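Dear colleague,

Please find the structure below, which I am handing over for your review. My notes on what was found in it follow.

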Amino acid sequence: MMEKVQRFGGAMFTPVLLFSFSGIMVALCIIFKNPMLVGSIANEGTTWFSVWSIIEDGAWTVFNQMELLFVIGLAIGLAKKANARAAMEAFVIYTTFNYFVSGMVKYFGSFFGVDFTLEAGGESGLKLIGGIKTLDTGIIGAIVISAIVVYIHDRFFDTKLPDFLGVFQGSSLVVIIGFFAMLPVAFLTALVWPKLQIGISSMQGFLATSGIFGVWLYTFLERILIPTGLHHFIYTPFIFGPAVVEGGITKYWMAHLNEYSQTTEPLKKLFPEGGFALHGNSKIFASPGIAAAFYFTAKPENRKKVLAILIPTTLTAVLAGITEPLEFTFLFVAPVLFVVHAVLAATMAATMYGFGVVGDMGGGFIDLLAKNWIPLFANHKGMIFTQLVIGLAFTVIYFLIFRFLILKFNFATPGREDNAEEVKLYSKKDFKEKQAKVGVTETGEPNSQYLDRAIIFLDAFGGSENIEKVNNCATRLRITVKDETKVQPDAAFKAGGAHGVVRNGKAFQVIVGLDVPQVREQFEKIL
């Protein structure tokens with residue numbers, strides 16, 4: 001069951017990865033359209049303003065079509081066969097679902113307790129999704145429908161019909177079954193969702209007013225669940241869903257960023273919900289402190305080797321906001337440090353919130369600059385300096401606490417191992433032999449480095465005959481094997497550049513890094 005949940009969480013990363021670039025582009029457009037920052041050239045009606053408005057309209061694509069992206073992205077990530085066709089089927093069936101819901105609340109609105117004459121948006125509970133005025137089920141509805149479609153797809157896509165009905169098999173059969181399945185699903189949605197919207201509204205009010213403890217608990221859970229892969233289920237309803245604000249924190253923040261940048265009123269008063277998007281600060285400020293503790297507690301003769309590991313992983317965490325390569329470097333040798341990390345990260349976010357820091361700060365430093373510091377600096381530099389001071393203070397706190405615990409309990413963090421694992425370094429000859437073994441010839445193409453790593457990982461898993469399922473999230477290659485006893489020790493995976501391996505019965509997660517999609521592609525090719 002855990003493997004299925006983790007696979008589902010990993011699949012959600014397919015659309016989530018698109019939001020970072022879109023958010024940066026929207027933020028840049030807002031910056032360049034603000035006369036306070038770039039002068040009178042940005043006044044409304046100028047050519048400059050019009051050009052950046054056009055660019056901004058395009059940058060909003062991902063946010064405005066969020067539901068469609070999750071429907072398609074989840075189908076790609078979850079379907080066990082013919083993923084591209086599953087994505088098409090999911091789009092068609094989800095659109096059908098919304099047409100059904102729209103018609104039901106349009107003609108029988110009084111029965112369902114919905115006033116269809118209201119404008120979409122606001123407190124109406126309605127939204128335009130793909131041009132259809134329907135109930136605003138957000139990404140929750142998209143996830144549920146996509147999951148149903150994937151089940152139908154995996155169950156019936158390969159069903160062989162009689163020859164005279166052949167035109168109705170494959171994707172056509174999936175869509176036919178989905179069409180009729182959506183009728184009762186749409187009815188239940190129209191019946192139940194308006195009531196749930198009332199409950200969600202109440203929950204939003206509670207969480208938004210839960211203060212410092214609510215921010216602490218949210219951030220703690222978001223960090224502590226990273227090893228399980230379940231942290232996606234914590235932040236997604238807040239950042240992209242309706243947990244505390246309509247449409248999710250990211251979309252709401254970007255929609256009001258121009259307004260916030262031009263007012264001097266405290267942002268915590270205007271947008272208290274922004275406290276639930278401060279978890280990125282631990283990526284930016286904690287990572288250097290952790291890395292420094294590892295470096296200064298390593299044996300002197302090993303420090304150069306440790307530095308070679310820490311520099312790329314720390315930069316990845318600080319700039320891109322992907323902390324797993326760094327965290328998994330020490331998670332398995334000293335789990336207690338990860339618990340301390342989660343507690344400190346939550347305390348940092350709660351402290352910042354207590355001093356008035358809010359915003360959309362779930363990513364790395366690039367996101368922070370574009371979506372917060374640059375557009376807000378003119379009128380909210382006090383908040384930014386407060387955030388910076390608290391963040392740097394926690395960098396020092398992280399360093400001191402981690403250094404103390406590592407030395408006190410003699411944790412075998414990088415560079416402190418008494419007997420480092422013997423890691424076989426593969427030569428060019430080894431690669432050629434393995435490539436020949438799996439029927440792959442050397443091409444000299446740029447992706448050959450991914451192919452080399454994939455070959456090492458496949459060999460470490462016991463070969464292609466031992467592979468049951470293949471999936472990935474943002475940084476991890478997720479594999480289900482037939483016989484876990486055939487899987488080699490972690491050292492075999494580290495020879496391919498892995499940062500670590502999570503083992504849970506037959507389910508394995510290889511911590512690859514940000515190039516995991518390319519490694520997975522080569523992995524599946526040689527299967």
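Strand 6 (residues 507-511) is largely enclosed by the rest of the structure, because five of its five residues are buried. Please bear in mind that this is a predicted model.

The burial of strand 6 concerns both of its faces. In a regular strand the side chains alternate between the two faces of the sheet. On one side of strand 6 lie Ala507, Gln509 and Ile511, and on the other lie Phe508 and Val510; all of these are buried.

Strand 6 also has paired neighbours. Strand 4 (residues 476-481) runs antiparallel to strand 6 and is joined to it by five bridges. In this pairing, Gln509 of strand 6 has Arg478 opposite. Strand 5 (residues 500-504) is likewise antiparallel to strand 6, and five bridges connect the two. Here Phe508 of strand 6 is the bridge partner of Arg503. Strand 5 and strand 6 form a hairpin with two residues between the strands, and Gly505 in that hairpin adopts a positive phi near 65°.

A second region concerns the surface. Which residues form a nonpolar patch there? The patch consists of Val167, Phe168, Ile176, Phe179, Phe180 and Leu183, which together have about 560 Å² of accessible area. One of these residues, Ile176, is located in helix 11 (residues 171-208). Ile176 has a relative accessible area of 34%, which means that Ile176 counts as partly exposed, since that class lies between the limits of 20% and 50%.

With kind regards

Methods. Residues numbered from 1 in each chain as written. Predicted model: local features only at pLDDT ≥ 70, side-chain atom pairs only at ≥ 80, totals over all residues. Heavy atoms only, no water. Patch = residues over 30% accessible without salt bridge, like charges linked within 9 Å, V, L, I, M, F, W, Y side chains within 5 Å. Areas by Shrake-Rupley, 256 points an atom, 1.4 Å probe, with all protein chains shown as cover. Salt bridge = Lys/Arg side-chain N within 4 Å of Asp/Glu carboxyl O. Helix = DSSP H or I, 4+ residues; strand = E, 2+ residues; numbered from the N terminus. Buried < 20%, exposed > 50% of the residue type's maximum accessible area, 1.4 Å probe, protein only. Pairing = 2+ DSSP bridges.
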